[in-house]
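Hi everyone, thanks for making time. I'd like to walk you through a structure that may be new to you, so please have a look at the screen.

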Amino acid sequence: ITFAALLFLLASGFTLIFGLMNVVNLTHGALYLVGGYVGLSVIRATGNFFIGILVAAVVIGLLGLAIERGLLRFVRGDVLPQVLLTIGDK
């Protein structure tokens, strides 16, 4: 996979979140990093690439849900608090 493809995935995720849900979420990079770390840790522990991907996806999904339910729900509709909250989330 090329750098341009990764950049496209990152940009399309940001567009999807902001365009459809009207939420400014700037934690994409941090979530990608944590997902990579979790996936690599599981791959090293189990030796199975597919289990690593599955566990990383589940962990990041739960972390994203926790961020949305625990933090972003309270500032829905206010752009500046959302930006400050998600930048500070890193």
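I'll start with the overall picture, then go to a helix pair, and end with a few residues.

Before anything else: this is a predicted model, where local features need pLDDT of at least 70 and side-chain atom pairs count only at pLDDT 80 or more, while totals for chains, interfaces and linings use all residues. Residues are numbered from 1 along each chain as its sequence is written, and side-chain values use heavy atoms, with hydrogens and water left out.

Okay, confidence. pLDDT is the predictor's confidence in each residue, on a scale from 0 to 100. The protein chain has a mean of 85, and 96% of its residues reach 70 or more.

Now the layout. What does the secondary structure come to? Four helices and zero strands, running α-α-α-α from the N terminus. Helices here are DSSP runs of H or I with at least four residues, strands are E runs of at least two, and both are numbered from the N terminus. The C-alpha trace spans about 45 × 30 × 20 Å along its principal axes.

How much of the chain is buried? Of its 90 residues, 22% count as buried. Buried means under 20% relative accessible area, exposed means over 50%, and partly exposed is in between, using a 1.4 Å probe and protein chains only. As for contacts, meaning heavy atoms within 4.5 Å, residues 24 or more positions apart account for 42% of those with a separation of 6 or more.

On to the helix pair. The axes of α2 (residues 28–46) and α3 (residues 49–70) come within 8 Å and cross at roughly 145 degrees. Those axes are lines fitted to C-alpha atoms, for helices over the stretch in contact, and the angles run from 0 to 180 degrees between N-to-C directions. Who meets whom? On the α2 side you'll find, among them, Leu31, Val34, Gly35 and Val38, and on the α3 side, residues including Phe49, Ile51, Gly52 and Val55. By class, that contact has 13 nonpolar, four polar and no charged residues. For the classes, Ala, Val, Leu, Ile, Met, Phe, Trp, Tyr, Cys and Pro are nonpolar, Asp, Glu, Lys and Arg are charged, and the others, Gly among them, are polar.

Last stop: helix α4, residues 79–88, which is where Thr86 sits. Is Thr86 buried or exposed? Thr86 counts as buried because its relative accessible area is 1%. Leaving out residues up to four places away in sequence, Thr86 touches Val24, Asn25, Leu26, Thr27 and Leu72. A polar atom of its side chain also lies 2.9 Å from the backbone oxygen of Gln82.

Beyond its neighbours within four places, Gln82's contacts include Asn22, Val23, Val24 and Leu72.

Compare that with Ile87, also in α4: at 46%, Ile87 is partly exposed. Ile87 and Thr27 are 60 residues apart in sequence, yet 6.6 Å apart in space, C-alpha to C-alpha. And Val79, another α4 residue, is partly exposed at 48%. Val79 and Val24 are 55 residues apart in sequence and 6.5 Å apart in space, again C-alpha to C-alpha.

Methods:
A polar contact is a pair of N or O atoms within 3.5 Å; within protein, one must be able to donate a hydrogen and the other to accept it, and residues adjacent in sequence count only if both atoms are side-chain atoms.
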